[in-house]
Amino acid sequence: MQWFDALVQGILLGGMYAQYALGMALMFGVMRIVNISHGDLVILLSLIGISMATAWGLAPVSVLIILVPLAVLMGWVLQKLVLNRVVGSDPLPSLIATFGLSIALQNLMLQIWSANSRSLPGHGIESQSIEIGGIYIGLLPLIVLAVATGLTWGVDLMLKHTRFGRALRAASSDVEAAAMTGINPRAVYALATAVAVGILGFAAVFQSLRSTVAPADGPAQLIYAFEAVIIGGMGAVWGAFLGSMVLGISQAIGFRIDPGFGVLAGHIVFLIVLATRPQGLFGKAST
Amino acid sequence: MSAISFATTEAPEVLVQRQTSSGRIAMTLAVLGVVAVATMPWWASTGTIRSILVLCCYIAVAQMWNLLAGYAGLVSVGQQAFMGAAGYALFVLAQTYGVNPFAAVFLSLLVPAVLAVPLYLLLHRLDGPYFSIGTWVVAEVFRLVASNLPIVNFGAGMSLRVMKDYSAFERNVAMSLLCAAMLLLTVGGSYWLLRSRYGLALIAMRDNPVAAASQGVNVAKLRFLIYVASAVGCGLAGAIYFMAQLRITPGSAFDPMWANVAIFIVMVGGIGSIEGVLIGALIFFIADRWFGEYGATYFVVLGLMTLLVALYARTGIWGLISKRWDAPWFPIRRKLVDPNRQ
């Protein structure tokens with residue numbers, strides 16, 4: 001029963017990771033870029049949300065309604081000012097640029113919000129739970145998982161059925177050919193990053209409701225997102241979702257074995273997957 | 001069938017010029033610099049020796065990162081894994097097993113060398129930018145393992161108490177000699193490598209890996225060798241740095257700050273050149289002394305500078321200088337000179 005409980009908690013934790021991993025999978029799939037400041041953006045949005053909630057007494061839903069458009073705008077600006085200049089076959093410029101941005105953001109947040117951990121007041125929602133067959137399931141983690149599923153489903157539908165999704169898939173498989181058929185890659189990229197960072201707006205609200213956030217937490221979130229994407233297999237957005245579940249379950253079981261072992265268990269599963277199935281658990285082997 | 005006869009042309013007699021006058025001046029200065037570092041106990045205070053030691057570690061780590069990112073195209077943000085591993089190996093050998101600490105510095109280099117082989121085999125499966133984050137995960141794994149490992153005293157860290165058996169002067173002599181050796185191995189070694197046959201291959205690889213492979217350069221093997229060599233170089237810097245610190249904890253041993261330092265130095269100084277590393281290290285060292293007290297604000301500026309260099313000046317300061325004046329400090333080109341035309 002204890003292990004079944006760990007499994008359930010792991011899946012719920014995976015719901016949180018899926019929200020980070022989705023944006024990363026989208027950006028890498030389209031632009032072959034990894035944004036090292038990915039985790040720092042979540043933390044920045046969380047801290048903005050917490051400050052708004054405390055200053056104006058907003059409920060989490062109102063924070064979400066303000067934060068998501070703000071995140072979309074941030075993503076668009078990031079693409080226009082930084083990423084559009086470094087997108088290309090050489091991974092070095094984009095890595096260095098976003099690495100510098102990550103250092104700057106972390107220390108700027110430290111300056112503004114100090115190193116303290118904070119969380120978003122949830123007005124009771126964070127402590128409610130439902131009992132199913134002897135296992136207590138937190139209401140909030142359940143909502144997180146539901147939202148993660150909804151977001152993944154939405155992005156998948158968008159990629160398959162909308163004009164923008166088709167442009168995105170075209171640009172990701174061959175950017176020059178896509179440009180010849182009248183797609184403006186820079187506009188597609190800007191929208192893709194806006195969507196990816198917009199999803200982080202959801203992640204920010206749920207992260208700060210579920211636990212605490214501090215300015216130095218970003219890199220850990222980046223690493224979890226990355227591990228989820230690699231475990232699941234690059235390419236499909238559902239891969240990132242399932243990878244998040246595997247990572248969440250590994251960590252939850254690790255925490256049951258020993259509290260000092262939880263995060264390490266996730267890393268070890270990641271390394272095992274890399275050693276035995278480099279294309280990811282759910283990815284197709286490339287030739 | 002008639003054989004096509006080639007006109008017998010003799011290859012013109014040319015001289016291969018490999019050194020320039022700017023290179024000779026710089027080489028003299030570099031030798032003097034290494035001698036000055038080696039003889040520090042006789043002219044510098046203990047405080048100065050400490051500062052120079054840190055500068056030497058910056059140069060070594062940055063040059064190792066430069067070999068990886070600048071020539072082999074492997075952008076690592078996890079070289080601190082090897083610094084910490086060698087640092088811990090030194091502490092365990094010297095403190096727990098009673099090996100002479102100065103011999104242990106060199107013995108401890110086996111650990112990063114042995115670890116780098118399987119790690120590279122794992123990590124090279126990751127594509128471009130994902131490789132970088134993979135190296136970071138490895139450094140995190142090392143940190144967490146060290147926090148759970150009894151032999152390195154878990155998260156509480158270790159102290160190098162055996163150093164008290166040596167007088168302050170003896171320690172200073174050892175530190176200075178180690179620093180000089182580290183500079184010779186990392187910077188001197190890279191310069192030697194770049195002037196050798198492998199240097200040609202490395203530079204070809206830096207400019208275009210696909211074209212280099214088509215010319216017979218074994219890109220995969222060379223990348224592997226550079227990764228292992230860089231791990232050992234970073235390990236040496238880590239062992240010397242933590243020997244001077246006398247204390248090591250998982251947090252300090254595997255501090256991502258080192259990735260930060262290496263990237264800043266190489267990008268601002270100029271990637272793919274030894275001159276750039278020296279310029280960048282000096283700038284960072286001075287900035288750290290002058291502005292370090294501003295804490296977070298200082299790092300915001302550092303981060304933004306790295307961002308701006310990546311956006312607008314990818315070749316860094318040395319790139320701007322060498323565009324204007326053709327006076328390399330460490331020339332690696334082969335220039336053909338016809339003696340009859342001079």
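The model is predicted: local features need pLDDT of at least 70, side-chain atom pairs count only at pLDDT 80 or more, and totals for chains, interfaces and linings use all residues. Residues are numbered from 1 along each chain as its sequence is written, while chains are lettered from A and ligands numbered from 1 in the order in which they are written.

**Helix H2 of chain B**
- H2(B) covers residues 46-71; helices are DSSP runs of H or I with at least four residues, numbered from the N terminus.
- Its 26 residues reach 36 Å from first C-alpha to last, close to the 38 Å expected at 1.5 Å a residue (1.5 Å times one less than the number of residues).
- Because 19 of the 26 residues are buried, H2(B) is largely enclosed by the rest of the structure (buried: 20 or more other C-beta atoms within 10 Å of the residue's own, with C-beta atoms placed from the backbone).
- Just after H2(B), B:Gly73 takes a positive phi of about 70 degrees.

**Contact between the chains**
- In chain B, 34 residues are in contact with 37 residues of chain A (C-beta atoms, placed from the backbone, within 7 Å).
- The largest share of this side of chain B, 13 residues, comes from H6(B).

**Nonpolar core**
- The largest nonpolar core has 207 residues (buried Ala, Val, Leu, Ile, Met, Phe, Trp, Tyr and Cys joined through C-beta atoms within 7 Å).
- H2(B) gives the most to this core, with 16 residues.
- B:Ile265 is among the residues with the most contacts inside the core; not counting residues up to four places away in sequence, B:Ile265 touches residues including B:Tyr58, B:Ala62 and B:Phe284.

How values were computed: Helix = DSSP H or I, 4+ residues; strand = E, 2+ residues; numbered from the N terminus. Buried ≥ 20, exposed ≤ 12 C-beta atoms within 10 Å, placed from the backbone. Contact = placed C-beta atoms within 7 Å.
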